[in-house]
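Me: I would like a close look at one part of this model. Please keep it brisk and connected.

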Amino acid sequence: MYMRRFLLLLGLIGLGIFIIANQKGFGQFTHNLAHVHWFLIPLIIGIQLASYYSNARFYDAFFSLSGHKVPIARLMKVALAINFTNQVIPAGGVAGTTYLSRTLHEIVPPGKSTLAQLGRY
């Protein structure tokens, strides 16, 4: 319990130092925020969701060739998680490959899910 409080306090102190050190940047941030084309934000979100859907359809088509049926809703969640995993751990898609094979291991053999991820790249 003591270690948790210490780490929380340490994190808050670090956040405070970060805010104080970047005080000038916040003024520029608010200035730039006023010049954003807000109509582009939903467009970017829509394009990103379409990308996840197309990745899920790729996995669906690939797994269907080998006789494995995975629901498209599950593949959408997996595609989103793989993107997040590959952003957090940038190792050339290896983390996403591991996540895909581990997530679908009860439906698709790990070798086929690894091949699907390799085919996507």
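Which residues of helix 5 (residues 94-103) are buried? Please go on from there to what surrounds them.

Reply: This is a predicted model. Start with helix 5, which spans residues 94-103. Its buried residues are Ala 95, Gly 96, Thr 97, Leu 100, Ser 101 and Thr 103. They pack against helix 3, helix 4 and helix 6.

Take helix 6 next. Helix 6 covers residues 110-120 and contains Gln 117. Gln 117 has a relative accessibility of 1%, so it counts as buried. Beyond four places in sequence, Gln 117 touches Tyr 59, Ile 82, Asn 86, Gly 93, Gly 96, Thr 97 and Leu 100. Gly 96, Thr 97 and Leu 100 are among the buried residues of helix 5. The side chain of Gln 117 also makes a polar contact of 2.4 Å with the side chain of Tyr 59.

Thr 114 is in helix 6 too. Its relative accessible area is 33%, so Thr 114 is partly exposed. Leaving out residues up to four places away in sequence, Thr 114 touches Thr 97 and Ser 101. Thr 114 and Arg 5 lie 109 residues apart in sequence and 41 Å apart in space, C-alpha to C-alpha.

Now the nonpolar core. Leu 100 belongs to the largest one, which has 11 residues. Setting aside neighbours within four places in sequence, Leu 75 is in contact with Ala 56, Tyr 59, Asp 60, Phe 63, Val 70 and Leu 104. In soluble globular proteins, nonpolar side chains tend to be buried together.

A nonpolar surface patch of about 650 Å² is formed by Phe 29, Leu 33, Val 36, Trp 38, Ile 41, Ile 45 and Leu 49. Helix 2 (23-33) and helix 3 are the elements that give two or more residues to this patch. Helix 3 gives the most, with three residues. Phe 29 sits in helix 2.

Methods: Residues numbered from 1 in each chain as written. Predicted model: local features only at pLDDT ≥ 70, side-chain atom pairs only at ≥ 80, totals over all residues. Heavy atoms only, no water. Helix = DSSP H or I, 4+ residues; strand = E, 2+ residues; numbered from the N terminus. Buried < 20%, exposed > 50% of the residue type's maximum accessible area, 1.4 Å probe, protein only. Polar contact = N/O pair within 3.5 Å; in protein donor to acceptor, adjacent residues only side chain to side chain. Contact = heavy atoms within 4.5 Å. Core = buried A, V, L, I, M, F, W, Y, C linked by side-chain atoms within 4.5 Å. Patch = residues over 30% accessible without salt bridge, like charges linked within 9 Å, V, L, I, M, F, W, Y side chains within 5 Å. Areas by Shrake-Rupley, 256 points an atom, 1.4 Å probe, with all protein chains shown as cover. Salt bridge = Lys/Arg side-chain N within 4 Å of Asp/Glu carboxyl O.
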